[in-house]
Amino acid sequence: MQGLRSDARFEVRHGVRGKHFAALRTWWRFRPAYIHYDWNTPYFLRASLVKSILYGLVFLAELWVVRRLLRCRIVFTLHQLHAHDAPHPALQTYIQRRFVGLCEWVRVMWPSTARKAVLALGIPEAKLRVLPEGSYVGFYPDDAPADRCRDELGLLQDDLVLLHFGSVKPYKGIEALLEAFQSIRAPHLRLLVVGRCGNRRLARRIEQLSAADVRIQCRLEPVPVERVQLYFKACDAVVLPFEKIENSGSAILAMGFVRPVIAPMMGALPERLAE
């Protein structure tokens, strides 16, 4: 949004908040030429299949009115081909296919994702735009000395420190990471698990596993912008053991702090990390 605002031709705003009729309310308030969706599943996916169907149909009907009757163009950034931990994957794919049919164009990060999107969601190639995600360099402070960051976290200067950073969710493979880490009996190895966890069962499991090993620091809480550098400057490498992934903001963030990334050869990660 900052990048778009730097061009005087654009006026860029956050849409109206809320999961119900957000597009219509945004159009009514701002009369935009375009509405861009960064993610769309929160507007229709629910734990209940019946509710997901109802919300999905209402969502599509709302967008049809916005696109066809109000002549507001819809664009979409496709981060993942399928929602992480989607409760109803077949329904999600069904609604997603019809959603992209209403879009002016769909932005993906890499050519490999574009090829998969054509097959998985039936998106015409002419509607796809390949625009790689930018870095976070310059947004997060990056001026603290690494040794001071380690001191603040209680780490020794000769420790080998691994970091898992970002929202803690089941698809990120953190339980497997903790179990694998505990199997390596290196006294100077350290692991930081940092990020908010909204899944209570997973949070309890992570806390149990980390409590069994004094080499693990577990901080399941949001991180203020000014403290993000603390963890990246203190670590030697970032570990992202995804079970499934297409794009990763955590990998891009690690690259911005010039830290090597250990991750599976999955999705667009091989292309991205090659840079």
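Biologist: Is Phe-165 buried or exposed?

Modeller: This is a predicted model, in which local features need pLDDT of at least 70, side-chain atom pairs count only at pLDDT 80 or more, and totals for chains, interfaces and linings use all residues. Residues are numbered from 1 along each chain as its sequence is written, and side-chain values use heavy atoms, leaving out hydrogens and water. Buried means under 20% relative accessible area, exposed over 50% and partly exposed in between, with a 1.4 Å probe and protein chains only. Phe-165 has a relative accessible area of 10% and is therefore buried.

Biologist: How many aromatic pairs are there?

Modeller: Rings of Phe, Tyr and Trp (its six-membered ring) pair if their centres lie within 6.5 Å. By this rule, the count of aromatic pairs is 13.

Biologist: What does the ring pair of Phe-165 and Phe-232 count as?

Modeller: Planes under 30 degrees apart count as stacked, over 60 as edge-to-face and the rest as tilted. The rings of Phe-165 and Phe-232 have centres 4.9 Å apart and planes at 55 degrees, so the pair is tilted.

Biologist: How many residues apart are Phe-165 and Phe-232?

Modeller: Helices (H or I, at least four residues) and strands (E, at least two) are DSSP runs, numbered from the N terminus. Phe-232, with 1% relative accessibility, is buried. Phe-165 belongs to strand E5 (residues 160–165) and Phe-232 to helix H9 (residues 228–234), so that the pair links distant parts of the chain, 67 residues apart.

Biologist: Which residues does Leu-63 contact, leaving aside its neighbours within four places in sequence?

Modeller: Leu-63 is placed in helix H3 (residues 49–69) and is buried, its relative accessible area being 0%. Contact means heavy atoms within 4.5 Å. With those neighbours left aside, the residues in contact with Leu-63 are Ala-23, Tyr-37, Ile-74, Phe-99 and Leu-102.

Biologist: Over the ring of which residue does the charged end of Arg-31 sit?

Modeller: Arg-31 is in the loop between H2 and strand E1 (34–37), and counts as partly exposed at 45% relative accessibility. Its phi is positive, about 50 degrees, although Arg-31 is not a glycine. A charge sits over a ring if NZ of Lys or CZ of Arg is within 6 Å of the ring centre and within 35 degrees of the ring normal. At 4.2 Å from the ring centre, the charged end of Arg-31 sits over the ring of Trp-27.

Biologist: At what angle do helices H7 and H8 pack?

Modeller: Two packed helices are described by the angle between their axes and the distance between the axes. Axes are lines fitted to C-alpha atoms, for helices over the stretch in contact, and angles run from 0 to 180 degrees between N-to-C directions. The axes of H7 (residues 174–182) and H8 (residues 200–211) lie 10 Å apart, and the packing angle is about 5 degrees.

Biologist: What orientation does that give H7 relative to H8?

Modeller: Angles under 35 degrees count as roughly parallel, over 145 as roughly antiparallel, 65 to 115 as roughly perpendicular and the rest as oblique. The orientation of H7 relative to H8 is therefore roughly parallel.
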